[in-house]
Every structure is written in C-alpha cells, then in structure tokens.
Amino acid sequence: MKKIFEYTKGMLPVSTHYCPGCTHGIAHRLVMEVLEERGLLGESIGVAPIGCSILSHNYMNVDMCESAHGRAPAVASGIRRAMPDKIVFTYQGDGDLASIGAGEIVHAAHRGEKFTTIFVNNAIYGMTGGQMAPTTLIGQKSTTGIEGRKKEISGMPLRVAEMLATIDGAVFVERVALNTPANIRKAKKAIDKAFAVQEKRLGFSFVEVLSTCPTNWGLNPVESLKWLGKNMIPYYPLGNLRSPEEVE
Amino acid sequence: MAKGILKFNKDRCKGCELCVVVCPKMILKIHDYEVNAMGYRPISVTDMDQCIGCGSCALMCPDGVISIYTEEVPAK
C-alpha cells in the first residue's frame, strides 16, 4: 500500500493534553512535518513557552528547552549564539509572546536574531482559564471581561505580525490560520519558508498562526473554526507582510 | 479515481469532529457506542469505498489519529 498521509515522526507517539479540537495539535504537527521534510529533526532545538503549550517538549521529537514566561526569545537568542550551526525555534502563545514577552520578542527581532518564532494566537489566555489577552477581540467575552472587551478600557487588540514587520531585523513575517484544510496547507508553506530563512541565516523569521480555543471561547470545536473565520480573520488579515527574495 | 484506505489510531481520538466537517464525501462519523481508553467516542468511517484519499481529514486532525494509504497501481 502506498502512503498518502502518516503522522510525522517529529511528533512522539503519545496523546497530547490539549482539549478536544484544540488547533495546537495541528500547529505542532506542521512545525514537525517541516523539520522532518528538511531533515532537521536531529539539528533542531526548540524553546517551549509558558501557556497551554508548556508541555510541548513532551510531544515534539526534538531537543527542547523550557523558558520563563515570555522569555523564550531571550533563551533562544542565547542558544542560537552558543550553537550557531543548530536550528533554533520558539513556539509561543499570545499570552506569553504578546503581553509579558512583548519586550523580548521586539528586541530579538530588532537584533535580527537568526531563529524562528511560531506565534499561536487564539485571542485568549487558555491555560489559566480564559482571561483577556492583548489579542482578545473587541466585544469578546473573557473571565476578566465578562461584558466583552471594551476599547475605552482595554484598548484595541494588538496586531503582533504588523508590529514586527516594521522592524528591519525581522526579515520574514507572515500570518496564517488553521481553520480550513486550504489555510492549513498555506500555513505549512509559511512555516517552511520561515525555516528556509533560518537555514540561510538571513535573520529573524516569524509566523503568526491564528488558532482556536474551544473551551475558553465556550464553543464546540466546529463552531470555533467558524468563529475564527468570521471574527478573527477580518481583524487579523492573513498573508505575507515581509519576505526576503532568497526564499521566494 | 484514487481510492483511499483510512486507518485510525482510535485511542488518541478525542471526538472533536473536525475531520467530520471537512470530509467532502461525508463518510466520517463519531462512533455510536464505542468508547476509547481516554473515555471519548472515537471516529469511524461509514463507507470506506467512497473515500477518495484527499487527505483533508488527516490534515485537520489535531491528534494524529488518521493515516491514509492507497492501493499501488501496477505499472503498465
């Protein structure tokens, strides 16, 4: 029998702790598929964040390092400079990267650190129980904003990809979503390009992945995908914001 | 048309139904009575002959439950 699809060897054969329908599993798989296809599984070092993906080192079949909340880019910068021949990536959520770690990611991009960041944006704090994140949409209910986010109190949601695209050191910035099979294929291409940028040592590469959180959004997994397409994509437009010519 | 053969690793399935909604032939279904080791109702296929091997279900599955194979076509 000929293979059409098999689970990547980059993922360990264990069940994840993620809730049913959580797209973290898809994002993990895409990163590992890209590394497997590029033959980099033995060469890669990942940095896990604090958040739902804190235990991603139990699932990703590469060397991983845990970091303090929001400090994954700082840890990755150190690993990257100490081991310049390795492939280094961070895998961070929006509570980790966009709020407490905003300073680290901006300065890592600003210094042009040659690692890749996969930023999973699900517009809420998942692990701690659905509090409002910097990326929570206007009107979206959370446990710390039970009437929905209001602009005059909390400001507008932060568009991290656009912010980083203004920094010269970030040479590859793209936003993708995981709500349909077509978008998942595009997401894999974007992650592949981000690692190509790193393999060529061109600079900092960043992929924002719009993801779902069925549990804290209070929707079932299928409704969550529809909610993502209807509410998140209009505010966080998909597409490439910056890409070097060498990987086109 | 290429025919797909689905294999499920049912003990990893969390019954989220993301594969059910993306199947173009609508042949995937949450099992009516079977319960897996984690206590979820796993995915099952109603009519394997209709599978076209498009891979959408496996692409959408967050938990790596689905593998897809196809019969080798002998070279002419």
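Select helix α2 of chain A, residues 72–82. Buried means under 20% relative accessible area, exposed over 50%, and partly exposed in between, with a 1.4 Å probe and protein chains only. Now show what these residues pack against: β2 (44–48), β3 (63–66), β4 (87–93), α4 (102–110) and α7 of chain A.

This is a predicted model, in which local features need pLDDT of at least 70 and side-chain atom pairs count only at pLDDT 80 or more, while totals for chains, interfaces and linings use all residues. Residues are numbered from 1 along each chain as its sequence is written, chains are lettered from A and ligands numbered from 1 in the order in which they are written, and side-chain values use heavy atoms, with hydrogens and water left out.

Select Cys65(A), in strand β3 of chain A. Cys65(A) is partly exposed, at 27% relative accessibility. Leaving aside residues up to four places away in sequence, Cys65(A) touches Gly46(A), Val47(A), Ala48(A), Val75(A) and Ile79(A); contact means heavy atoms within 4.5 Å.

Next, select Arg81(A) and Glu113(A). They form a salt bridge, with the closest N and O atoms 2.7 Å apart. A salt bridge is a side-chain nitrogen of Lys or Arg within 4 Å of a carboxyl oxygen of Asp or Glu. The pair links distant parts of the chain, 32 residues apart: Arg81(A) is in helix α2, and Glu113(A) is in the loop between α4 and β5 (116–121) of chain A. Glu113(A) is buried at 5% relative accessibility, whereas Arg81(A) is exposed at 56%.

Move to His28(A), in helix α1 of chain A. Its relative accessibility is 0%, so His28(A) counts as buried. The side chains of His28(A) and Tyr18(A) are joined by a polar contact of 2.9 Å. A polar contact is a pair of N or O atoms within 3.5 Å; within protein, one must be able to donate a hydrogen and the other to accept it, and residues adjacent in sequence count only if both atoms are side-chain atoms. Beyond four places in sequence, the residues that His28(A) touches include Met11(A), Ser53(A), Ser56(A), Tyr59(A), Met60(A) and Tyr91(A).

Then select Arg29(A), Glu33(A), Glu37(A) and Lys188(A), which a network of salt bridges links. The whole structure has 16 salt bridges over all chains.

**The interface**

Display both chains. In contact are 30 residues of chain A and 29 residues of chain B. The area buried between them is about 2500 Å², and carbon and sulfur atoms give 64% of it. Met1(A), Ile4(A) and Phe5(A) lose the most area in chain A, together 26% of what that side buries. Buried area is the accessible area (1.4 Å probe) that two parts lose on being put together, summed over both.

Between chain A and chain B there are zero salt bridges, but eleven residue pairs are in polar contact, both residues being at pLDDT 80 or more. The largest share, four residues, comes from β1(A).

**Chain B**

Chain B has two helices and four strands, in the order β-α-β-β-α-β along the sequence. Buried residues make up 49% of its 76 residues.

Select Lys10(B) and Glu34(B), which meet in a salt bridge of 3.8 Å, N to O. Lys10(B) is in the loop between β1 (4–8) and α1 (18–22), and Glu34(B) is in the loop between β2 (28–30) and β3 (43–45) of chain B, 24 residues apart. A second salt bridge to show joins Lys29(B) and Asp32(B), at 2.9 Å, N to O.

**Last stop: cysteines**

The structure holds zero disulfides over all chains, a disulfide being a pair of cysteine sulfur atoms within 2.5 Å.
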